Structures are given as C-alpha cells and as structure tokens.
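Student: I am new to this structure. Could you help me learn how to read it?

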Amino acid sequence: MSTENSRKRIAVIGSGFSGLSAAAYAAKSGNEVHVFEKHDQPGGRARQFKTEEGYVFDMGPSWYWMPDIIEGFFADFDSKASDFFELVSLNPQFEMIFSEEKVSIPEKNDDIRELFEKIEPGAAKQYDKFMQSAKFKYEVGMKDFVTKPCYNWLEFASLKIAGSALKLDLLSNFRKYVSGYFSDSKLRSLMEFPVIFLGASPQNIPALYSLMNYGGYVLGTKYPMGGFYQLVLGMKDVAEKQGVTFHFNHEVQKINTKNGKVVSITTDGKDYEFDAVIASSDYHHTETLIPKSLRNYKDAYWKTRTFAPSCLIYYLGIKGKISHVKHHTLFFENKLDDHIDCIYINKKWPSKPLFYACCPSKTDPDVAPEGCENLFLLLPLAPGINDEEAVREEYLKEMLERIEKHTGETSLSSRIEYKKSYCVSDFVSDYNAYQGNAYGLSNTLSQTAVLKPKIRNRKIRNLFYTGQLTVPGPGVPPAVISGKIVAEEVNKLKIK
C-alpha cells in the first residue's frame, strides 16, 4: 500500500479492460482514482446492448480464453470469477468449416488428440510435443515475458528469460513452426487460427505465440453466462470496492500540461486536476489531446505501423432456431492467405472471405427470446477501408448463404427480427480507433515488447498509456495485464 504522502489523485481515460484493470490496481495501492468514460456504460469494445425484442448482444469479445489470467486478476483482490458470474466450458470448443468437411474441437484434451490422430496418423504425438512446448511458452511468456513495462531490453535479462530464449522461439515464424509438426492442411489451419487474434498473418507472427494454442485448446474455451459483459461488470465491481469513482458520459477533450507535467484534464468544458493520467483510450487519439511537441510519436510513425484488422460485424436476432450451428463456428472454406492479403497487402474487401459466427443462444437461453437465436457475425477487414452500408449488406448476404449451406436452413434473411451492422467507421466514431482498427497493433516481431509504443510519455512525466496499442498487445487477457503493468509504474511515481 502507498503511504499517505504518496497517495495520488489519478484519472483513467476509458473503461475498457485495460482501464478497468489499471483503475482497480491503482486504487488498491491507496490512490484516489477516477475513470472517465465517453459512453453510458463501462467496457469499451466489450460493451453490451439489449433490444426491444429481447436480444442481448455482446458488442466485441466473445472468446473467453486464458481463464487463469482472468482468475489471477480477481485473486489479486481476494475474490474469484465465480463471485461475479457462472463460467461454463464449451463442448465443442468451436467448429471449423472447410470446403469439403467440418471439424469440431472437443472440450477435453484427450479427445483433441484422438481427433488429430484420426485426421493425420502420428499427429497425436506431434500434438503432445507442440502443446508441451506451448505450455512452457505460456508459463514463461504470460507470467514473465509479457508482464514487463518494456522500457528497454535489459528488463528481459533475468536468468529465467535469458535461459529460455531459444525455447521461446522468438525468431521463428508461426507458419513454419506449425508446418514442422503437422502436414495436413486442416490441422495446420486449426493450429494457425488462434494467432489471427494477434492481427497478422501466421508467417509474420513469432512462434512464441503458440502459447495461444495452449491458452485456448488445452485450458479450454469458456463462456460467462449472461455474456462476456459479465466480466466487465465483475471488474467494475472490483474497482468500485477499491474506491474507484466512475464518470460515464464524460469524454475527455484535452489533457492540460505545464512544465512537463499533466495538471488537469478537460471534460464537458470543465477542468479537473490530477497528479497522473492513465490513458486506456486509443493511443494515437490520446496524443491528439496534448500539444504536438509533447507527443511520443508523430503521425508519420503511426502510418508505418502494421495494424491488426478492423472488421465487419452484424448483430442479428433470428426468429426460430438454427440447426447444426455451434456456439463458435469458423467459416474457412476459402484460403486464409487470400483473405489476409486483402487485409495487409491489397487493402480491399475480400472476394473470397473467411468469417466467424457466434451463436451464444446455443449455450445461454437468456440472450435471445424463447425459440429464437442470437447470431453475431464477424468478417476481418483492412483498417481504413470504405464501409458504406450497401457493401456491408452484400457481405451479410454471402455470410447468410454460407450458413444456410452449412446448416441446411433456408431463408435466414427473411427470419431476421433485429439487425445492426458495425464496421470501420463505427470503430472510429465510438472509440476514436486509428483507421477504425478493431484489435490494436499486430504482434509482429518488429512490434513486440520494447518495439511497441511506450507506456509512458517521454516528455510528460505523469502521463501513461495502457491497452491494445501498447504492451503486451491485443486481446482481453493482455489488456488486463497491461492495466496492471501501468498501475505499478504510476505507483512508483513521486509527486513533486
């Protein structure tokens, strides 16, 4: 705990997962913490909305992976996830649709091994070797590697990390790494898919991130009953119990500085004085709130970064049930690389897209009216792309047709009771997201650890940044970790 003399008044901008985490940890250390959120509810990209018809939609995250990281957050506050929501294990974890067949990933690891062996003789043993290595990376990576503030490389000079350098496979690319274990194209796709969450092609992602496979497949895919938003509410509850005050419908218009320090923030035309500011808001946008001369990065810097995709999302309320669809389904009938090239090279709408469908009403009856389905569709896109409504509708039509082909259903479009689209321009308007990105910066080797945007402003000693555009990177568990890292750094700050 901080002493009374070091007690600080701290503003947190934004209440996404990194903001909630930073606020809770900063308050736990004895500080007075205020969270300013532009929307009328917490969660950022993980907000939730309800419709008049009775549908409940999580707006963003839907994959509850790495449950131990989330459980670790609650444990730090003498609580546990089950104090706030019921977590169920999905079986199957998800289904992947290929052009000729479909593959369901079972809940239990032994059953996954059997599935791999059935697809490719000898693959069960290869799966064991892969996951043994992935477990090591997970335990070192998620507990040591990604918990550093990343000011410089010396932070990684510990004997444990240095001795593990080769085993972490930081310099190998993920695609080549996977192909060293499996020959079958379906198995390769199954193993490559998790790193798509990191926002780059598997050939541009370090093999370190096989830890994602362990955090997903082996630890299992979960679902919090009531929707992912229950995690938001649980973290908000924790923060409030530490004394955090939330200010909703308060967008921060300016960060005011004097002599190399933040002195106040401006919201709704009023100035509020603080000893430090933690920005969980979009990094690039945050820097537009301070003078150009005090920014960490010029506009030219952001233009050279590789951003994770944006996406087209549809929230659909469907009358009647949809047969043969799982909670999580990945439609991979087309080539992954063709879609990826449209995101990172050609920067255009894909001609043969892949997409993801989430139907939480298969698990949770409370997210849709009785006898109906809650359907969330997501198609990854290049940031900054034109997203007019007519184009969105064309892709909705294709996605529904492919779902019909897979399930045997007909006329799904005529059964839509509720429909809302969300795309690039919406990420800009709602979250000030740079070019409308959905997931932050890609976790490529040149944008990993120390090479990511810094968590502390170099010219303003009491301004800090947290979230998906800084360390450790995209995803819910990394965002929770990011908030903790920054709170610890702010706690070291001495008030002058």
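Tutor: Gladly! Let's start with C359, which is buried, at a relative accessible area of 0%; buried means under 20%, exposed over 50% and partly exposed in between, with a 1.4 Å probe and protein chains only. This is a predicted model, where local features need pLDDT of at least 70 and side-chain atom pairs pLDDT 80 or more, while totals for chains, interfaces and linings use all residues. Residues are numbered from 1 along each chain as its sequence is written, and side-chain values use heavy atoms, without hydrogens and water.

Student: How many disulfides does a search of the whole structure find?

Tutor: A disulfide is a pair of cysteine sulfur atoms within 2.5 Å. The search finds 0. For C359, the closest cysteine sulfur is in C358, 7.4 Å away, so that is too far for a bond. C423 is also buried, at 0% relative accessibility, and its sulfur is 7.2 Å from the closest one, in C311, again too far for a bond.

Student: Which domains is the protein divided into?

Tutor: Domain bounds come from an automatic or database domain assignment. Here they give domain 1 (9–85 + 226–304 + 442–492), domain 2 (110–219) and domain 3 (305–431). The C-alpha centres of domain 1 and domain 3 are 27 Å apart.

Student: Which residues form the salt bridge between domain 1 and domain 3?

Tutor: A salt bridge is a side-chain nitrogen of Lys or Arg within 4 Å of a carboxyl oxygen of Asp or Glu. Between these two domains the count is 1. R47 pairs with D430 in a salt bridge, with the closest N and O atoms 3.1 Å apart.
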